[in-house]
Amino acid sequence: MKIAFITPVTPYKENMGGPSGHPYHLLVDRPKEIEVDIYSYNANKLSPETIESVERELRVKIHLLKQPAFFTWILKLHLTFIRLFLKYPIGYYIRLPKSMVEQIKTTQPDAVWVYGQEFSGILKQFKEFKRVHTVPDCYSLHWFRRLGCRFTLASAGEFFRCVVNYRKYYRMERAYDASDNVVAHLVGEEDVRFLQEINPNLNAVFLRHPHYEFPETPKEIKFTHPKIKLLIAGRYDFYMKERADEMVDLFANKDNLAILQQAYKLTFLGKGWEQHVDSLNALGYDVEHVKFAPDYIEEVCKHDIQLTPIAIGTGTKGKVLDALANGLLVVGTPYALENIAVENGVSCVEYRSNEELLAALKDIPRNVEKYEQMAEAGREAIFREHGRKRISQQLMELFK
């Protein structure tokens with residue numbers, strides 16, 4: 001089978017300047033008989049040397065596409081405000097030149113694969129082919145969820161931004177081609193449900209997100225004594241803000257200080273946590289702030305538990321997969337653990353309120369062995385259900 005793959009970013013083993021990791025890991029362990037030509041706008045600006053190495057690693061040929069003139073001039077003249085007046089997101093208006101469409105057709109692919117929500121217009125240029133559209137999230141769901149956040153409703157500017165973007169992505173997703181020879185591929189179950197409410201005739205499927213890196217030698221899962229090492233990973237941004245502030249309030253509560261200070265050593269990994277780190281330090285916590293880790297996985301593996309207070313989002317959280325696959329117990333909100341093949345109380349700890357989080361943080365030091373076994377079960381679930389080869393084979397079945 002031969003596939004023509006059209007993408008805004010050039011696949012790479014990690015996210016570099018865009019969502020380049022997901023397509024890379026969907027391709028790297030695909031069946032050997034499947035040939036792939038990649039047509040990329042290289043928006044993540046990989047160097048020629050890096051592109052050559054990706055071609056070898058993925059067994060593909062990469063053809064670079066030229067950015068459309070209108071897009072170039074909008075960026076050069078700083079006219080990005082124009083997007084406010086457009087019916088659809090600006091990337092939706094990108095189309096391949098007719099000459100490139102004909103060039104791709106002359107290679108006689110068995111199917112066309114397009115990556116990204118906004119490239120749905122390009123998908124319509126190949127109507128006679130079997131087509132797979134890796135979305136991978138339902139972006140109108142993302143903006144819909146944002147509208148329900150307190151920090152969104154507290155700011156008129158943020159509220160207006162969410163309303164405008166929700167309408168744009170809703171219109172675009174409603175206009176997705178729902179022909180019989182199109183399959184939409186998403187990494188979220190709720191994303192599929194929401195998208196099919198918008199576009200009822202669309203054939204949309206959920207495939208789990210492949211995990212990027214598995215450790216060659218899995219570490220022994222044994223929590224540190226006397227203080228368990230607890231990691232909060234990710235930038236302090238709108239995805240985390242609401243629930244992260246609640247989490248820090250829990251640690252700062254005078255009724256919890258003695259228990260939590262004695263049980264845990266805290267590490268914040270990522271930018272923006274300075275104020276929280278200073279306040280917890282002042283209260284006497286053993287707390288560290290790592291703004292950037294040259295080897296992210298190595299840093300993650302130094303810890304026993306990852307606490308992930310994500311307040312909003314869609315799809316699958318890569319940092320949660322990283323933690324689970326490397327033997328950490330993940331304690332997280334429903335959005336943090338969404339679409340990941342783990343079960344609350346069996347292979348992870350899910351909490352919906354500060355009361356549930358506090359109960360878990362108190363119970364873990366008392367029943368360490370129980371939670372070590374939970375971490376092991378989480379790691380096994382990721383190896384089994386999120387393996388690259390497994391997900392790649394499921395994806396390739398969609399082209400048949």
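View 1. Lys-2 is buried, with a relative accessible area of 17%, where buried means under 20% relative accessible area, exposed means over 50%, and partly exposed covers what is in between (1.4 Å probe, protein chains only). The model shown here is predicted, so local features need pLDDT of at least 70 and side-chain atom pairs count only at pLDDT 80 or more, while totals for chains, interfaces and linings use all residues. Residues are numbered from 1 along each chain as its sequence is written, and side-chain values use heavy atoms, with hydrogens and water left out. Lys-2 forms a salt bridge with Asp-37, and the closest N and O atoms of this pair are 3.9 Å apart; a salt bridge here is a side-chain nitrogen of Lys or Arg within 4 Å of a carboxyl oxygen of Asp or Glu. Because Asp-37 lies in strand S2 (residues 35-40) and Lys-2 in strand S1, the pair ties together parts that are 35 residues apart in sequence. Asp-37 is also buried, with a relative accessible area of 9%, and a network of salt bridges links Lys-2, Glu-35 and Asp-37.

**View 2. Two further salt bridges, Asp-363 with Lys-370 and Lys-400 with Glu-397.** Side chains of opposite charge can pair when their charged atoms come close. The side chains of Asp-363 and Lys-370 meet at 3.7 Å, N to O; Asp-363 is buried, at 19% relative accessible area, whereas Lys-370 counts as partly exposed, at 42%. In the other pair, the closest N and O atoms of Lys-400 and Glu-397 are 2.9 Å apart, with Lys-400 exposed at a relative accessible area of 65% and Glu-397 partly exposed at 46%. The structure holds 23 salt bridges.

**View 3. A negative surface patch that includes Glu-14.** The patch is formed by Glu-14, Glu-213, Asp-295 and Glu-298. Patches are made of residues with over 30% relative accessible area and no salt bridge, like charges being joined within 9 Å and nonpolar side chains (Val, Leu, Ile, Met, Phe, Trp, Tyr) within 5 Å. Glu-14 lies in the loop between strand S1 (2-7) and helix H1 (21-27), and its relative accessible area of 41% makes this residue partly exposed.

**View 4. A nonpolar surface patch that includes Phe-160.** Phe-81, Leu-84, Phe-85 and Phe-160 make this patch of about 490 Å², the accessible areas coming from the Shrake-Rupley method with a 1.4 Å probe. Phe-160 lies in helix H8, which covers residues 156-174.

**View 5. Gly-318 and His-211.** The C-alpha atoms of these two residues are separated by 7.6 Å, although Gly-318 and His-211 are 107 residues apart along the chain. Gly-318 is found in helix H14 (residues 318-325) and counts as partly exposed, at 39% relative accessibility.

**View 6. The whole chain, for orientation.** The chain has 18 helices and 13 strands, counted as DSSP runs (H or I, at least four residues, for helices; E, at least two, for strands) and numbered from the N terminus. Its radius of gyration is 22 Å, close to the 21 Å that the globule rule gives for 400 residues, so the chain is as compact as a globular protein of that length; the radius is taken over C-alpha atoms, and the rule is 2.2 Å times the number of residues to the power 0.38. The C-alpha trace spans about 70 × 50 × 40 Å along its principal axes, and 54% of the 400 residues count as buried.

Definitions and conventions: Lys, Arg positive; Asp, Glu negative; His and termini not counted. Charge placed at Lys NZ, Arg CZ, Asp CG, Glu CD.
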